[in-house]
Structure formats: structure tokens, C-alpha cells
Amino acid sequence: MPKSDNDRCRAHISFVVGIDYWGQGIVTTALKIAVSKVFKEFPDLVRIEAKVEVENKGSQKVPENVGFLKEGLLRKYGFYKGEIIDMFIYSFLVTDSML
């Protein structure tokens, strides 16, 4: 859901799926559905962001397979299992084309 006030033009999306369902395309399909609907339902929204752990190659494929653009590296950005980790940031704009 988009933020309020000055941040209402962007939203953040994240995903988690159980290990038994990895590699089946479930999250990619769900993300494609969500992206196509959210821009219609929130007319002020122009950007969706996703942050993914650098070490999680499988999760990086999800936004890439939808058409998100990897914008860069966020150094020492997240906290995971007791450690501060680097994360990639991805974006999808209302003007982008889905894969």
C-alpha cells in the first residue's frame, strides 16, 4: 500500500514463501498480478520498490522476472539473523512494461 502525504507516489513490496514452494514461480505470478492491479487502484502511485538480500539469488530473480529494474546496492542496509547486510533495490514504474 502506498505511503501517505509526500510519499504517496511510491510503495514497497516484499515477499516470503516456504521452502517447499521455492522455484515454482508462485511469487513471480503473484507479483505480476499485484503490480498490474496496484497502479489501477492507486492513481497517485508511480513507483513500486523491492529490496532483496544480496546473498539471496532466488529472491533476486522474482523482481527481475517481472520487469523490475535493479537500481543499485544499499550497503549495510538490512538486518538478518543477527547481522547487518547489503541489499539490492529494485523498482518498477507505472510506465514500465511487465515481462
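Let's start with the aromatic rings. A search of the whole structure finds two aromatic pairs. Keep in mind that this is a predicted model.

How do we talk about such a pair? A pair of aromatic rings is described by the distance of the centres and the angle of the planes. Take Phe68 and Phe92. Their ring centres are 5.4 Å apart, and their planes sit at 45°, so this pair is tilted.

Where do Phe68 and Phe92 sit in the chain? Phe68 is in the loop between H2 and strand E3, which covers 69-80. Phe92 is in strand E4, residues 83-93.

A third residue joins them. Phe39, Phe68 and Phe92 make up one aromatic cluster.

Next, the helices. Two packed helices are described by the angle between their axes and the distance between the axes. Here we have H1, residues 26-41, and H2, residues 57-66. They pack at an angle of about 40°, and their axes are 9 Å apart. That makes H1 oblique to H2. The crossing of H1 past H2 is right-handed.

Which residues make that contact? From H1, we have Val27, Thr28, Leu31 and Lys32. From H2, we have Val62, Pro63, Asn65 and Val66. Sort them by class, and the contact has five nonpolar, two polar and one charged residues.

Stay with H2 for a moment. Gln60 is in this helix. Is Gln60 buried or exposed? Its relative accessibility is 6%, so Gln60 counts as buried. The cut-off for buried is under 20%. What does Gln60 touch? Leave aside the neighbours within four places in sequence. Then Gln60 is in contact with Val52, Glu53, Val54, Glu55, Lys70, Phe88 and Tyr90.

Back to H1, where we find Thr29. Thr29 has 46% relative accessibility, so it counts as partly exposed. Now look from Thr29 to Arg47. They are 18 residues apart along the chain, and their C-alpha atoms are separated by 19 Å.

Lys76 is in strand E3. Lys76 is not a glycine, although its phi is positive, at about 50°. Is Lys76 buried or exposed? Lys76 has a relative accessible area of 60%, so it is exposed.

Lys81 is in the loop between E3 and E4. Lys81 also has a positive phi of about 50°, and it is not a glycine. Its relative accessibility is 69%, so Lys81 counts as exposed. The cut-off for exposed is over 50%.

One more distance for Lys81. How far is Lys81 from Arg8, C-alpha to C-alpha? The separation is 31 Å, for two residues 73 apart along the chain.

To recap: find the aromatic cluster of Phe39, Phe68 and Phe92. Then find H1 crossing H2 in a right-handed way. Finish with Lys76 in strand E3, and with Lys81 in the loop between E3 and E4.

Notes:
Residues numbered from 1 in each chain as written. Predicted model: local features only at pLDDT ≥ 70, side-chain atom pairs only at ≥ 80, totals over all residues. Heavy atoms only, no water. Axes fitted to C-alpha atoms, helices over the stretch in contact; angles between N-to-C directions. Helix = DSSP H or I, 4+ residues; strand = E, 2+ residues; numbered from the N terminus. Parallel < 35°, antiparallel > 145°, perpendicular 65-115°, else oblique. Left-handed = near helix turned anticlockwise from the far one by under 90°. Contact = heavy atoms within 4.5 Å. Nonpolar A, V, L, I, M, F, W, Y, C, P; charged D, E, K, R; others polar. Phe/Tyr/Trp six-rings, centres within 6.5 Å; stacked < 30°, edge-to-face > 60°. Buried < 20%, exposed > 50% of the residue type's maximum accessible area, 1.4 Å probe, protein only.
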